[in-house]
Amino acid sequence: MAVGIRIGGWLLAPALIVGGLAMAAPPEAATAGEGGTTVLVTAARMLDVRSGQLVESPALLVRDGRIVEVGRGAPASVPAGTRHVDLPGMTLVPGMIDLHTHLDSDPSYGGYTGYQFNDRFWSMLAVKHARDTLEAGFTTVRNLGSDAWNDVGLAQAIDEGKIPGPRVVAAGYSFGATGGHCDSTFFPPSFESRNPYNADTPDEVRKRVRELRKYGAKVIKVCATGGVFSRNTEPGQQQMSLAEMTAAAEEAHQWGLKVAAHAHGASGIKDAIRAGIDTIEHASLIDEEGIRLARQHGTWLVFDIYNTDYTQAEGAKNGVLADNLRKDREVADIQRENFRRAHQAGAKIAYGTDTGVYPHGQNGRQLAIMVRYGMRPVEAIRSATLHAAQALGRDDVGVLEAGRWADLVAVPGDPTQDVRLLEQIPFVMKGGEVVKDAR
């Protein structure tokens, strides 16, 4: 049911009620064409991710990259000079969000094979990976750990319009304990290889947060436990103390930044939640108490439950060491079942894939795995749109409504019935600009 003032076929709505969602149009919406570039986007359907309902014959009016009005049915008139993007037979979905990427990593090189290249090789690859990610329909990503500030520079180049890519929330360097998962663990002492941001006391943690923010980090990532693809660590090992993680959360929050914790092991997960960390990455070995704590604290869980399909199939020939593949096998099924348990228990789950461990541009393949392990398709889509935006603390992405960026994708058919439609996306718009049209 629509409520508002109708002019011709266009609804100018203080509140457009569709599928239970009130989409507010700002007062200036009626003059959307004045002083800026205006685009009208029409399609057969639009997914309202708040209600989970499909809206028939949507029309979005976009000015200077942001949605200023959402209506139903083609308008009788639009501002002069408006560009019309018509997507007949297609369903609009908000541009998707991946909360865990590594844009300067390439899974083609595992173990020691990547060390044959100059450091700047990875900077160059990040440019291609950013474009692949955007064209896969992911218009916003959080990059949780990068070498040599590659993700910060990449984000700046994208924001300046120099290269195509998603909106990048960059962590810069991830860090943790000396000898832990975020340290350099593949070399003997003679190489003196180490993460320059290792932190082994709460005071060192606070300093690292300040340094990373100083040089451009927009999110802080710490490594609470061991990991799968590091050497000489086990996923279940806790490697940062409660006091150290509390220092990370307090310091980051003081500066207005959120904190993500790499945490596979149950004890590290629980201490990260108690410390006030905002998102738990991987959450592989979470136990019942950890799920309860996540619910109690409102902590977001970010399970990367697709990538093992790739790593087990391709890892050995890419050079991944046998011990890393062993850890990957041991964790995989446990993590997927714990995803199911956490979802059934009502924990908050947002979308993150760990791309870079598997190929960029395949980010959407995890949606079907989430459905296999208990989510309805619309819940999986919501995890990569509305809920991912909430986990980021952003109200400018993740939903197709007035005031937000015009970041959207379009697919034929109904993705709430077949979520695999979002694995091969023919149309992508970011900020009102068409960045891919392969219809």
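**Aromatic contacts**

Author: One aromatic cluster is formed by Tyr-112, Tyr-115, Phe-186, Phe-187 and Phe-191. The model is predicted, so local features need pLDDT of at least 70 and side-chain atom pairs count only at pLDDT 80 or more, while totals for chains, interfaces and linings use all residues. Residues are numbered from 1 along each chain as its sequence is written, and side-chain values use heavy atoms, without hydrogens and water.

Reader: Which parts does the pair of Tyr-109 and Trp-122 tie together?

Author: Tyr-109 lies in the loop between strand E9 (96–101) and helix H1 (120–135), and Trp-122 in helix H1, so the pair links parts 13 residues apart in sequence. Helices (H or I, at least four residues) and strands (E, at least two) are DSSP runs numbered from the N terminus.

Reader: Why is Tyr-109 called partly exposed?

Author: Buried means under 20% relative accessible area, exposed over 50%, and partly exposed in between (1.4 Å probe, protein chains only). Tyr-109 has 29% and therefore counts as partly exposed, whereas Trp-122, at 16%, is buried.

**Strand E6**

Reader: How do you know that strand E6 is largely enclosed by the rest of the structure?

Author: Six of the six residues of E6 (residues 58–63) are buried, hence that description. Pro-58, Leu-60 and Val-62 are buried on one side, and Ala-59, Leu-61 and Arg-63 on the other.

Reader: What makes E6 and strand E7 a pair?

Author: Two strands pair if DSSP finds at least two bridges between them. Six bridges join E6 to E7 (residues 66–72), and the two run antiparallel; Pro-58 stands opposite Arg-72 in E7. Strand E4 (residues 38–48) is also antiparallel to E6, with five bridges, and Val-41 stands opposite Leu-60. In the hairpin of E6 and E7, which has two residues between the strands, Asp-64 takes a positive phi near 50 degrees.

Terms used: Rings of Phe, Tyr and Trp (its six-membered ring) pair if their centres lie within 6.5 Å; planes under 30 degrees apart count as stacked, over 60 as edge-to-face and the rest as tilted.
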